[in-house]
Amino acid sequence: MDKKALVSIIVPVYNAEKTLYICLDSLEEQTYKDLQIIFVNDSSTDNSLNVLNQFKERTSYQVEIISHERNRGVAAARNTGLDSVQGEYIYFVDADDAIDKNTIAESLELATSKNLDIVG
């Protein structure tokens, strides 16, 4: 892979303040750094939005935070995120997930080396 591909990560967020820090840490620790992270705040009533804004201020990643005016569910949040994708590849993470630091790098390597459309 000569030119680094931008990978867009979509994270639906709904009242995830308690688990969000673990998710954000795992995203921050990725060894692959050409990332666009799209958070879709699905009308959280807890402190999730503030946590996301703090992450956006401190990270070097390209971060977008989109907020729904009313709770529409995880599928709608993912679809909203898809509308803002700029990357050549898309990865979905839930707000209560923690991914290994090599997840994006290994997934991208597998996709490009085997010319895959989907990596599970």
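A residue is called buried here when its relative accessible area is under 20%, exposed when that area is over 50%, and partly exposed in between (1.4 Å probe, protein chains only). Helices (H or I, at least four residues) and strands (E, at least two) are DSSP runs, numbered from the N terminus. This is a predicted model, in which local features need pLDDT of at least 70 and side-chain atom pairs count only at pLDDT 80 or more, while totals for chains, interfaces and linings use all residues. Residues are numbered from 1 along each chain as its sequence is written, and side-chain values use heavy atoms, with hydrogens and water left out.

Let's start with strand E1, residues 7-13, where 7 of the 7 residues are buried. Both of its faces are covered: Val 7, Ile 9, Val 11 and Val 13 lie on one side, and Ser 8, Ile 10 and Pro 12 on the other.

Two strands pair if DSSP finds at least two bridges between them. By that rule, 4 strands form an open, parallel sheet in the order E3-E2-E1-E4. Its edge strands are E3 (62-67) and E4, each of which pairs on one side only. From one strand to the next, the twist averages 20°, with axes taken as lines fitted to C-alpha atoms (for helices over the stretch in contact) and angles running from 0 to 180 degrees between N-to-C directions.

E1 meets E2 (residues 35-41) in the parallel sense over 7 bridges, and Val 11 stands opposite Phe 39 in E2. Between these two strands the chain passes through helix H1 (residues 17-28), and this β-α-β crossover is right-handed: with the strands pointing away from the viewer, the path from the first strand over the helix to the second runs clockwise. E1 is also joined to E4 (residues 89-92) by 4 bridges, again in parallel, with Val 7 opposite Tyr 89. E2 and E3 pair over 6 bridges, and Gln 36 has Gln 62 in E3 as its bridge partner.

The structure holds 1 salt bridge, meaning a side-chain nitrogen of Lys or Arg within 4 Å of a carboxyl oxygen of Asp or Glu. Asp 94 and Arg 78 form it, at 2.8 Å from N to O. Asp 94 lies in the loop between E4 and helix H4 (103-113) and Arg 78 in H3, so the pair ties together parts 16 residues apart in sequence. Asp 94 is partly exposed at 26% relative accessibility, as is Arg 78 at 25%.
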